[in-house]
Amino acid sequence: MTADLPLLEVRGAGHRYGARWGCRDIDLDLWPGEVLAVVGESGSGKSTLLGTLSQRLSLTEGTIRYSAAGGEILDLAKLRESEVRALWRSEWGFVHQDAADGLRMHVSAGGNVGEPLMATGWRHYGNIRATAAQWLERVEIPADRIDDPPVTFSGGMRQRLQIARNLVVSPRLVFMDEPTSGLDVSVQARLLDLVRSLVADLGLAVIIVTHDLAVARLISHRTLVMKDGNVVESGLTDRVLDDPQGPYTQLLVSSILQG
Amino acid sequence: MSTDLTGYNIAYLDEQTKRMLRRALLKAVAIPGFQVPFASREVPMPRGWGTGGVQVTAAIIGTGDTLKVIDQGADDTTNAVSIRQFFAAVAHASTTTRTSEATVIQTRHRIPETPLTEGQTIVYQVPMPEPLRFLEPRETETRRLHALADYGLMYVKLYEDIARYGHIAQTYSYPVMVAGRYLMSPSPIPSFDNPKMHQSPALQLFGAGREKRIYAIPPYTDVESLGFEDYPFEPQTFDDPCAICGSTGVYLDEVITDDKGGSMFVCSDTDHCEHAAGQAEVTR
């Protein structure tokens with residue numbers, strides 16, 4: 001993968017809800033294969049930023065350029081809905097905090113993983129099923145659960161299934177919105193481990209939103225700290241967490257419970 | 001425009017309503033398989049009994065037309081008889097039970113066995129026009145999926161069938177792709193009838209009264225039943241011939257003959273059955 005161009009180049013991006021700005025003046029570059037964590041307290045605009053970058057929310061001002069697999073540079077705000085959906089089907093993934101938002105809860109696990117394949121034109125049942133089975137194995141879901149719907153799965157399994165569904169079409173960029181909150185600590189650790197190894201194997205670029213600094217520490221290369229809709233600090237994760245510069249970041253880091 | 005039924009216009013609906021329906025029909029024919037919204041009116045029967053079909057028929061029927069109405073293939077069931085009598089009274093149309101003599105055929109859940117010809121129009125009564133409804137309940141979202149031709153979801157349903165039953169278990173209302181563009185529900189006809197829609201010389205119109213949608217397949221249009229490469233679409237088949245007329249390769253209904261579990265399988269298309277039985281009589 002060439003790294004001459006950033007995958008995502010964001011300049012002065014902002015999204016406004018009515019009279020209020022959800023986030024504003026965001027500048028960032030995301031490089032292929034890079035994991036970027038966005039941290040901040042709730043209400044700081046993290047999820048709004050993620051929604052804006054992934055075109056789930058409209059861009060009120062600024063530009064977002066995406067360098068597509070074919071090599072062309074796309075100005076996301078100018079794309080038509082069908083083109084955005086095509087990106088969603090083939091190049092992007094989105095892992096929701098609540099797996100029920102990202103899965104079809106009453107469709108079998110195999111069907112959930114197979115759906116993105118079928119949406120991109122796969123029409124061979126045997127191949128779809130074999131690929132789904134491979135992915136379930138990769139995310140450590142037992143092969144005999146392939147025909148069970150996610151309503152029968154535990155929280156951790158649902159989240160892993162959601163990850164499989166997102167990665168099955170080999171995306172280049174995955175957005176994750178608090179993927180580990182709501183899971184207990186040991187399941188969180190396993191899930192993060194899984195995400196980390198998949199990201200390394202597949203060379204994915206990931207933007208992960210989290211309020212948990214430990215998550216950022218574990219899997220991200222770089223970290224953005226947000227407060228009141230603005231980025232207050234950014235840098236290598238270790239630098240931001242070990243040597244926070246801004247007063248807010250210092251407060252955030254010092255507020256971690258030491259066990 | 002009054003008729004001898006005082007107070008009623010020809011074909012029951014007023015001219016403005018028919019004009020509205022015809023506009024929707026023209027649009028539907030121009031975009032094969034696309035669901036056109038229309039202002040569904042009340043007709044003298046309950047919704048769910050074929051009000052969509054009746055409105056479409058009322059919009060296209062003229063005094064020179066010959067109407068056939070079938071309900072599950074039969075010309076002699078209550079619904080078929082009353083709709084036929086209705087149009088005989090309000091449209092002065094001649095009626096028939098012979099498929100080959102009809103110019104307009106209104107149908108619930110079957111396509112006649114006798115192949116349709118150029119110049120004939122078949123009007124389907126549709127209870128549920130949206131093929132994606134049970135997969136995606138939001139109408140705003142299904143409309144968007146149609147607009148973007150984003151039909152991966154429909155294949156999920158077929159996938160689930162194969163995973164669960166080993167074959168595609170849908171035997172009626174089997175989804176079709178019209179002219180390579182729009183996914184369409186063929187109304188609850190048996191999948192046995194699906195191949196008859198492909199490249200049919202007749203004009204096919206679909207009316208859903210309760211759901212307020214009209215759609216159409218113009219003559220000689222490609223209609224492809226969905227399937228996987230390794231699990232292609234397979235219409236239903238029957239092993240035994242009709243117990244009355246001996247026809248094979250036709251759609252059969254089970255008829256209970258006594259209260260001891262006895263039953264027989266006979267043609268669902270009564271016109272075809274009578275005709276075939278008559279011919280068998282002649283050759284004997």
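How many of the 11 residues of H4(A) are buried? This is a predicted model, and everything said here is computed from it. In that model H4(A) is mostly covered, for 10 of its 11 residues are buried. After H4(A) comes A:Gly121, whose phi is positive, near 100°.

One of the covering helices deserves a longer look. Two packed helices are described by the angle between their axes and the distance between the axes. For helix H4 (residues 109-119) of chain A and helix H6 (residues 155-167) of chain A, the axes come within 7 Å and cross at roughly 30°. Because angles under 35 degrees count as roughly parallel, H4(A) and H6(A) are therefore described as roughly parallel to each other. The crossing in which H4(A) passes H6(A) is right-handed. On the side of H4(A), the residues that take part are A:Ala109, A:Asn112, A:Val113, A:Glu115 and A:Pro116, and they meet A:Leu161, A:Ala164 and A:Arg165 in H6(A).

The aromatic rings come next. A pair of aromatic rings is described by the distance of the centres and the angle of the planes. Over all chains, the structure holds 20 aromatic pairs. In one of them, A:Trp92 and A:Phe175 lie 5.6 Å apart, centre to centre, with 80° between the planes, and the pair is edge-to-face. This pair links distant parts of the chain, since A:Trp92 belongs to strand E6 (residues 92-95) of chain A and A:Phe175 to strand E7 (residues 173-177) of chain A, 83 residues apart. A:Trp92 has a relative accessibility of 2% and so counts as buried, while A:Phe175 is buried with a relative accessible area of 0%. In chain B, the ring centres of B:Phe86 and B:Phe87 are 5.1 Å apart and their planes stand at 70°, so this pair is edge-to-face. Both B:Phe86 and B:Phe87 are buried.

Notes
Residues are numbered from 1 along each chain as its sequence is written. Chains are lettered from A and ligands numbered from 1 in the order in which they are written. This is a predicted model: local features need pLDDT of at least 70, side-chain atom pairs count only at pLDDT 80 or more; totals for chains, interfaces and linings use all residues. Side-chain values use heavy atoms; hydrogens and water are left out. Rings of Phe, Tyr and Trp (its six-membered ring) pair if their centres lie within 6.5 Å; planes under 30 degrees apart count as stacked, over 60 as edge-to-face and the rest as tilted. Helices (H or I, at least four residues) and strands (E, at least two) are DSSP runs, numbered from the N terminus. Buried means under 20% relative accessible area, exposed over 50%, partly exposed in between (1.4 Å probe, protein chains only). Axes are lines fitted to C-alpha atoms, for helices over the stretch in contact, and angles run from 0 to 180 degrees between N-to-C directions. Angles under 35 degrees count as roughly parallel, over 145 as roughly antiparallel, 65 to 115 as roughly perpendicular and the rest as oblique. A crossing is left-handed if the near helix is turned anticlockwise from the far one by less than a right angle, and right-handed if clockwise. Contact means heavy atoms within 4.5 Å.
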